[in-house]
Amino acid sequence: MVTAIVLVTTESERVQEAAQAIIDIEGVTEAYSVTGPYDLAVMVRIEDFEKLADIVPGKIAQVPGVARTETMVAFRCYSNYDLDRVWSLGFEEEAG
């Protein structure tokens, strides 16, 4: 699985419109509005690295309102999020 974070700058006042269109693109799992120099942080999760070339310049960058993209490919995932969710599920089952 390939995970990429695509940082998106939109034209002013078009953040929500762009996010709604981007989230409908196959391979996009989340789109967050963020603070800082970018308007959106978009998570792309795909099976094949080659598909990234179709998704970012071919689809995300072509969404109306998208002015610029910058892509980072993740090498490894370090997260407590999934572990916390697994442990809390086990606890809930015992408690219920």
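Where does Lys59 lie? I started my notebook with that one, working from a predicted model.

**Entry 1: Lys59**

I found Lys59 in the loop between α2 and β4, the strand that spans 66–73.

Asp54 sits in helix α2, which covers residues 51–55. Which residues form a negative surface patch? I noted Glu47, Asp48, Glu50 and Asp54.

**Entry 2: Thr10**

Next I went to strand β1, where Thr10 has its place. Thr10 is buried, because its relative accessible area of 8% is under the 20% cut-off. What does Thr10 touch, not counting residues up to four places away in sequence? My list reads Val15, Ala18, Asp39, Leu40, Gly65, Val66 and Ala67. Of these, Val15 and Ala18 fall within the range of α1 (15–23), and Val66 and Ala67 within that of β4 (66–73).

**Entry 3: Glu13**

I moved on to the loop between β1 (2–10) and α1 (15–23), the place of Glu13. Glu13 has a positive phi of about 70°, and it is not a glycine. I flagged that because most residues other than glycine have a negative phi. Is Glu13 buried or exposed? Glu13 is exposed, with a relative accessible area of 81%.

**Entry 4: The whole chain**

Last, I stepped back to the overall picture. How many helices and strands does the protein chain have? I wrote down 3 helices and 4 strands. From the N terminus on, the elements run β-α-β-β-α-β-α. The protein chain has 96 residues, and 28% of them count as buried; Thr10 is one of the buried residues. For the accessible surface I got about 6900 Å², with 53% of that belonging to carbon and sulfur atoms. I also looked at contacts with a separation of 6 or more: residues 24 or more positions apart account for 66% of them.

Conventions:
Residues are numbered from 1 along each chain as its sequence is written. This is a predicted model: local features need pLDDT of at least 70, side-chain atom pairs count only at pLDDT 80 or more; totals for chains, interfaces and linings use all residues. Side-chain values use heavy atoms; hydrogens and water are left out. Helices (H or I, at least four residues) and strands (E, at least two) are DSSP runs, numbered from the N terminus. Buried means under 20% relative accessible area, exposed over 50%, partly exposed in between (1.4 Å probe, protein chains only). Patches are made of residues with over 30% relative accessible area and no salt bridge: like charges are joined within 9 Å, nonpolar side chains (Val, Leu, Ile, Met, Phe, Trp, Tyr) within 5 Å. Accessible areas come from the Shrake-Rupley method with a 1.4 Å probe; for residues, only the protein chains shown count as cover. A salt bridge is a side-chain nitrogen of Lys or Arg within 4 Å of a carboxyl oxygen of Asp or Glu. Lys and Arg count as positive and Asp and Glu as negative; His and the chain ends are not counted. The place of a charge is taken as NZ of Lys, CZ of Arg, CG of Asp or CD of Glu. Contact means heavy atoms within 4.5 Å.
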